[in-house]
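Welcome! Please take a moment to look over the sequence and the model, and then follow the short tour below.

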Amino acid sequence: MKKTVITIARSYGSGGKTLGGLLAKELGIHCYDRELIRMASDESGINEALFGAADERKRGFSLLKGVRPYSGKVLPPESGDFVSNDNLFNLQAKIIKEVAEKESCIIIGRCADYVLRDRDDVLRLYFYAPREDCLKRLREVSGEPDRELNRKIDKIDKYRAEYYKYYTGYEWNDSRNYDFCLNTASMSYEKLIRVVKSYLEICNE
């Protein structure tokens, strides 16, 4: 496979994160998720906990009160906004760009499809599934009742949509943002990997 960076956006319960890890293993490349936070922390000197705290702060209010599409500008350490939510995002985006420049890999979430929008070696994937299929997958890994799982699906998907809108100006679940969208309903991970690999092979012809 020629050098390819795969970004994965996914609805909660669709299995996208698990699929990303399995696909990376199948292709022999690295899958980046929360590891990007550690890397951004190491490079910037900002405590890793602050990156996680920034994510938690965003969960408590609507980001749609303002939209600030990612510009790529990282503030210097002497800036008063060096540890602001927006600059923490920009620092993660900087790491995403560096990783994409040097290796084939898979990047989960974090608006990577938008951050890397100007690269021609990027394939942008979006995984989703109907509510009942999401619940089925979540039941397999959680002992929580359906009422709680439904609440989590609504909350997390709402957060992801607002986060994406805030930093890109676009709708998170709009198929026009992606190269390939796949409904994961009623498909095993083994079959899903075969489907995605077939698509990758076509793109690499």
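## Before we start

A residue is called buried when its relative accessible area is under 20%, exposed when that area is over 50%, and partly exposed in between, using a 1.4 Å probe and protein chains only. Helices (H or I, at least four residues) and strands (E, at least two) are DSSP runs, numbered from the N terminus.

This is a predicted model, in which local features need pLDDT of at least 70 and side-chain atom pairs count only at pLDDT 80 or more, while totals for chains, interfaces and linings use all residues. Residues are numbered from 1 along each chain as its sequence is written, and side-chain values use heavy atoms, with hydrogens and water left out.

## The sheet

Let us begin with the strands. Strands of a sheet pair through backbone hydrogen bonds, either parallel or antiparallel. Here, 5 strands make an open sheet in the order β2-β3-β1-β4-β5, with parallel pairing; two strands count as paired if DSSP finds at least two bridges between them. β2 (30-32) and β5 are at the edges with a single partner strand each, so one side of each has no neighbour in the sheet. From one strand to the next, the twist averages 20°; angles run from 0 to 180 degrees between N-to-C directions, and axes are lines fitted to C-alpha atoms, for helices over the stretch in contact.

On the β3 side, V5 has C105 as its bridge partner, and I6 stands opposite I106. On the β4 side, A9 has Y126 as its bridge partner. How many residues of β1 are buried? The count is 6 of 6. V5, T7 and A9 point one way from the strand, while I6, I8 and R10 point the other way.

V122 belongs to strand β4 and is buried, at 5% relative accessibility. Apart from neighbours within four places in sequence, V122 is in contact (heavy atoms within 4.5 Å) with V5, T7, L116 and D179. Between V122 and A100 there are 22 residues in sequence, and their C-alpha atoms are 8.4 Å apart in space. Helix α8, meanwhile, lies across β1, β4 and β5 and runs at about 155° to β4.

## Two helices that cross

Two packed helices are described by the angle between their axes and the distance between the axes. Helix α2 (residues 35-44) packs against helix α4 (residues 85-102) at an angle of about 105°, and their axes are 9 Å apart. That makes α2 roughly perpendicular to α4; the cut-offs are under 35 degrees for roughly parallel, over 145 for roughly antiparallel, 65 to 115 for roughly perpendicular, and oblique for the rest.

Which residues of α2 meet α4? They are L36, I37, M39, A40, E43 and S44, and on the α4 side the residues are L91, Q92, K94, I95, I96, E98 and V99. The buried residues of α2 are L36, I37, M39, A40, S41 and S44. After α2 comes G45, with a positive phi near 85°.

## The nonpolar cores

A nonpolar core is a set of buried Ala, Val, Leu, Ile, Met, Phe, Trp, Tyr and Cys residues joined through side-chain atoms within 4.5 Å. The largest one has 35 residues, of which F89, I107 and L116 touch the most other members. Several elements supply at least two residues each, including β1, α2, β3 and α7 (146-168), and the largest share, 8 residues, comes from α4.

Beyond its neighbours within four places in sequence, F89 is in contact with Y70, R110, C111, V115, Y163 and Y167. A second, separate core has 19 residues, L19, L125, L192 and L200 among them.

## Two positive phi values

Most residues other than glycine have a negative phi, and most peptide bonds are trans. C111, in the loop between β3 and α5, has a positive phi near 60°. S186, in the loop between β5 (180-183) and α8 (189-203), has a positive phi near 55°.

Are these residues buried or exposed? C111 is buried, with a relative accessible area of 5%, whereas S186 is exposed, at 70% relative accessibility.
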